[in-house]
Amino acid sequence: MARQSNAALMAELSRLKLEVHSLKTEQGTEISVGNYLLTRLEQLGVTDLIEDHPHIDWVGNCNELNAAYAADGYARVKDHSIGVVLTTFGVGELSATNGIAGGKLAIVPQVIDAYSAISLLRDGPRIESSWSPQHVSAKLETDVASYSGRRPQFTYSQASLKNKNHAAAEIDRVLIDCITKARPVYMALPTDLVSAKISTERLRTPLTRSPPHNDPQIESFVLDLVVKQFEQAQGDAVILVDACTIRHDTRDELKEFLEETKFPVYSTPMGKTAVDENYDRYGGIYLGSISRPEIKDKVEAAKLVLSVGALRSDFNTGNFSYNIPVKRTIELHSDNTKVQYAAFPGIGMKQFLPKLTERLKSYHVQASKMAVPRFLSLVPKEKLENISHTFFWPRMSQFFRPKDVIVTETGTANFGILDVPLPERSVLVSQILWGSIGCLLGASLAAKESGRGRSILFVGDGSLQLTVQELSVMLRVGVKPIIFVLNNKGYTIERYIHGKTRKYNDISNWKWTSLLNVLGDPDGMLSNSYTVSTKNELSNLLDNPAFARADKMQLVEVMMDKMDAPKSLMLQAEMSGKANAYDSTSNPVVTV
């Protein structure tokens with residue numbers, strides 16, 4: 001409690017100092033606007049972005065969309081940091097938009113910096129340019145406002161820097177929004193402001209990461225109300241952890257709460273690894289009606305469910321099939337608390353949880369006696385030698401190590417990983433909510449900066465074809481992930497949702513084991529590639545110490561049947577398919 005109070009006090013002090021700096025004339029050492037921004041990013045833990053900077057390295061992705069994906073992954077895997085993507089105005093920022101939109105929806109702190117020409121922000125909204133490639137000429141008129149009008153749809157806050165006198169305050173404002181709201185933000189920086197000199201005075205005061213203070217009187221009232229709910233439930237409560245626990249940096253507070261109270265804890269798919277999965281009070285993944293029966297029974301039978309950091313979506317809730325009445329639910333969020341049907345804006349979980357821990361730790365002995373199902377995943381004994389999802393994921397769980405960064409692409413991998421326990425201090429990165437296929441290759445590129453263990457990516461052959469060029473960047477900058485390419489001849493998840501035999505779910509088959517030679521390792525010195533088609537081949541590779549060391553990039557093509565999928569995916573897809581079903585007889589194909 002004392003540590004929390006001191007942190008909040010220091011955050012408030014920093015905020016007040018910045019306000020004072022904004023009100024007075026700034027004097028002292030000068031710095032360019034561009035370097036002011038870079039210094040702030042360095043203070044926030046960013047180490048990959050720019051060339052010719054003593055502490056920030058240039059990466060250089062193949063295109064802006066992939067750069068946005070990498071920034072998304074960077075923000076997810078590196079604690080207490082943010083992701084940054086740098087583009088040119090217009091075409092660059094529009095290309096990156098899909099990656100930024102996913103960050104806003106999934107609550108990921110990203111910064112998009114768009115560098116623009118002087119005339120765009122100074123001389124009016126229209127520019128003209130012309131070019132004549134191969135005797136073809138054209139003239140383009142661009143309305144810059146058409147870009148700026150879309151930025152609020154994909155970012156939490158925005159700043160178009162037009163005046164050096166306000167640049168530092170605007171940069172700080174937007175960055176504070178990014179780190180406290182855990183949402184993407186946008187800055188436009190004209191080229192003629194990059195070298196403009198401003199004072200360094202504000203840089204002496206660090207940007208605060210702490211959320212606004214909870215109102216003490218309202219917080220006290222809500223605390224009493226929540227404690228009363230636990231009393232009425234006679235301590236028969238479970239904790240359900242979701243994504244915003246991770247996004248809003250509340251894992252430490254949650255860990256202390258769980259250790260002090262000993263209530264059983266379960267996770268949603270997006271909350272996986274928010275709690276160490278070897279913790280003896282952890283029971284596994286709750287996914288509504290498609291949960292494991294023993295997990296479904298425990299969660300839905302509890303008299304009270306304390307939901308921490310919920311982020312509701314179709315694939316995160318078993319197609320919204322939760323069977324937990326509102327009257328048995330308390331929800332803690334980053335900026336509000338809900339007790340049954342009552343909502344209390346401004347009461348955030350990061351400051352609220354430590355106080356709740358003090359009030360509920362007396363339930364320690366009682367809660368310890370509540371049975372929690374063991375979260376295990378045993379490798380099945382199957383007669384056939386082909387690699388099935390039923391075999392693959394439990395076998396992979398034996399390969400994982402503490403601190404591994406495990407990245408699962410949208411599709412079969414997202415669902416397959418749910419039913420296997422991951423080691424302590426490991427991190428799972430996935431994009432269950434936005435579901436933009438191909439995005440997680442960028443996260444693997446970013447994982448090298450996490451300060452953790454190996455980076456292990458599971459990606460389908462269809463997804464990888466969208467962003468495959470980033471493998472060349474990995475080879476260039478020395479990233480050494482282990483990449484498992486699940487070759488199931490197309491979009492298996494889409495086959496189950498709609499169109500099992502439709503040709504729009506088929507793709508061209510690539511020679512995956514030759515790919516790394518083409519994309520930057522022609523001599524085979526930086527990488528190894530393998531194909532495994534049987535359970536024995538897979539196990540022998542996983543048991544190979546040289547392979548497990550991951551001291552170079554490794555790509556493993558895993559041959560799978562195109563209609564094989566994790567059970568949870570089949571159930572989810574069946575529900576999604578019914579919701580999206582249409583009568584083909586009422587929409588006959590018409591030929592003209």
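Biologist: How many cavities does a search of the whole structure find?

Modeller: Rolling a probe the size of a water molecule over the atoms shows where empty space is left. In this predicted model, where local features need pLDDT of at least 70, side-chain atom pairs count only at pLDDT 80 or more, and totals for chains, interfaces and linings use all residues, the search finds 4 cavities of 30 Å³ or more. A cavity is a set of points, on a 1 Å grid over the protein atoms alone, where a 1.4 Å probe fits but cannot get out; lining residues have an atom within 4 Å of a point. Residues are numbered from 1 along each chain as its sequence is written, and side-chain values use heavy atoms, with hydrogens and water left out.

Biologist: How much space lies in the largest cavity, and which element gives the most to its lining?

Modeller: The largest cavity holds about 150 Å³ of space, a volume being the space filled by probe spheres set on the points, which are joined across faces, edges and corners. Strand 19 gives the most to the lining, with 4 residues. Helices (H or I, at least four residues) and strands (E, at least two) are DSSP runs, numbered from the N terminus. Among the lining residues are Arg76, Pro269, Lys272 and Val427.

Biologist: In what order do the strands of the open sheet lie?

Modeller: Strands of a sheet pair through backbone hydrogen bonds, either parallel or antiparallel. Two strands pair if DSSP finds at least two bridges between them. Here 6 strands form an open sheet in the order 19-18-20-21-23-22, with parallel pairing. Strand 19 and strand 22 (527-532) are the edge strands, each pairing on one side only. Strand 22 is joined to strand 23 (residues 553-559) over 6 bridges in the parallel sense, and asparagine 528 stands opposite glutamine 554 in strand 23.

Biologist: Where is an antiparallel pair to be found?

Modeller: Strand 16 (residues 336-339) and strand 17 (residues 342-345) run antiparallel and are joined by 4 bridges. Threonine 337 stands opposite phenylalanine 344 in strand 17. The two strands form a hairpin with 2 residues between them, and glutamine 340 in the turn has a positive phi of about 55°.

Biologist: Which residues of strand 8 are on the covered face, and which on the uncovered one?

Modeller: In a regular strand the side chains alternate between the two faces of the sheet. In strand 8 (residues 157-160), Ser157 and Ala159 form the covered face, whereas Gln158 and Ser160 form the uncovered one. Strand 8 runs parallel to strand 9 (residues 185-190), with 4 bridges joining them. The bridge partner of glutamine 158 in strand 9 is tyrosine 186.

Methods. 1 Å grid on protein atoms, 1.4 Å probe; cavity = no way out; pocket = protein on both sides within 12 Å on 5 of 7 lines; lining within 4 Å. Buried < 20%, exposed > 50% of the residue type's maximum accessible area, 1.4 Å probe, protein only.
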